[in-house]
Amino acid sequence: MKQLIDRLAQDRVLSKKEFVELLCGHSEDDASYLFEKARKTSLKQFGNRIYTRGLIEFTSYCRRNCYYCGIRSGNPDAQRYRLSREEILSCCKNGYDLGFRTFVLQGGEDPYYSDQEIADIVRLIKSSWPDCAITLSIGEKDTAAYLLFREAGADRYLLRHETADPYHYTMLHPDGQTAENRKACLWELKSLGYQVGAGFMVGSPFQTTENLADDLLFLHELQPQMVGIGPFIPHHQTPFASYPAGTLDQTLFLLGVLRLMMPSVLLPATTALGTIAPDGRERGILAGANVVMPNLSPVGVRKKYALYDNKICTGEEAAECRFCLQNRMNRIGYELVVDRGDYFPERS
């Protein structure tokens with residue numbers, strides 16, 4: 001397996017068969033070898049600097065009914081809320097004072113916020129804090145909307161592809177949602193000049209190792225600037241409530257693989273990692289990740305944005321989240337930095 005890992009580090013890609021072999025057949029020793037190479041690659045690109053994104057979860061309403069998601073439209077017991085413009089701007093001001101230079105506006109696909117309203121919010125944030133980057137994570141839109149947001153000042157767009165396999169996609173989503181449309185949105189976002197983020201769930205229901213290999217090959221083709229992966233964690237009010245969660249070990253291994261595939265990619269150690277293991281985010285950094293996303297949302301709404309069960313940091317103020325993560329990163333030899341954390345091509 002170490003030969004495959006070495007070749008991945010050199011060629012940046014393997015065949016589907018080889019990816020399956022690597023994901024299925026590695027030992028603990030192989031994983032340690034991968035993490036060491038991934039960590040060295042990350043340190044070469046970024047030093048010990050960990051970028052922070054200030055996450056603002058501004059609406060828990062969603063028109064989609066994805067079977068794995070706690071805020072899906074088909075969940076009558078989900079707690080719903082919407083933040084006003086003023087509340088969103090207040091989150092940004094608080095975040096800016098704490099050192100954040102990237103704000104991530106994330107929410108369900110909520111028609112209450114028109115495309116023009118989103119563009120106006122982006123414009124207000126950009127005019128108030130022009131040295132900051134704005135990331136949107138609000139789902140599938142048409143080209144006109146993506147262009148409107150871009151012209152308003154949005155820099156980045158996160159849209160997890162969830163699974164690259166069309167059949168697997170249908171098992172996770174109701175009729176009318178397709179992998180083809182999700183991928184088309186990602187290509188469109190790239191063409192409009194966004195820094196684009198894709199990604200997938202690890203251990204989602206019905207997922208095979210072949211599915212994961214397809215995900216890796218799709219990401220190699222897309223070459224996004226950001227990749228967000230995290231373990232599937234079931235929510236008790238979804239059709240997948242009784243399905244097992246994805247594992248920490250598999251998620252960490254895939255983080256290492258992604259770092260070798262795309263040395264300069266922005267790769268978060270997600271909240272979901274910290275949810276399935278107390279030191280999950282630290283271990284994610286040591287497997288090659290270089291981004292963390294503390295929550296800037298008002299404490300009063302955080303528990304309502306429940307994509308999965310037992311989400312961490314729902315009761316902490318923004319400053320607590322930031323300084324907690326700062327201390328956690330310091331303990332493993334890394335530092336949080338005040339930086340937009342833009343994507344830059346690979347260092348030779």
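Author: In this predicted model, Cys 132 has a relative accessibility of 0% and therefore counts as buried.

Reader: How far is the sulfur of Cys 132 from the closest cysteine sulfur, and which residue holds that partner?

Author: A disulfide calls for a pair of cysteine sulfur atoms within 2.5 Å. Here the closest cysteine sulfur to that of Cys 132 lies in Cys 92, at 7.9 Å, which is too far for a bond.

Reader: Is Cys 92 itself buried or exposed, and where is the cysteine sulfur closest to its own?

Author: Cys 92 is buried, its relative accessible area being 0%, and the closest cysteine sulfur to its own belongs to Cys 91, 6.9 Å away and again too far for a bond. When the whole structure is searched, zero disulfides are found.

Reader: Turning to the whole chain, how many helices and strands does the protein chain have, and why can the chain be called as compact as a globular protein of that length?

Author: The protein chain has 14 helices and 11 strands. Its radius of gyration is 19 Å, close to the 20 Å that the globule rule gives for 348 residues, and so the chain is as compact as a globular protein of that length. Along the principal axes, the C-alpha atoms fill a box of roughly 55 × 45 × 40 Å.

Reader: What percentage of the residues is buried, and what share of the contacts with a separation of 6 or more joins residues 24 or more positions apart?

Author: Of the 348 residues in the protein chain, 58% are buried, while residues 24 or more positions apart account for 75% of the contacts with a separation of 6 or more.

Definitions and conventions
Residues are numbered from 1 along each chain as its sequence is written. This is a predicted model: local features need pLDDT of at least 70, side-chain atom pairs count only at pLDDT 80 or more; totals for chains, interfaces and linings use all residues. Side-chain values use heavy atoms; hydrogens and water are left out. Helices (H or I, at least four residues) and strands (E, at least two) are DSSP runs, numbered from the N terminus. The radius of gyration is taken over C-alpha atoms; the globule rule is 2.2 Å times the number of residues to the power 0.38. Buried means under 20% relative accessible area, exposed over 50%, partly exposed in between (1.4 Å probe, protein chains only). Contact means heavy atoms within 4.5 Å.
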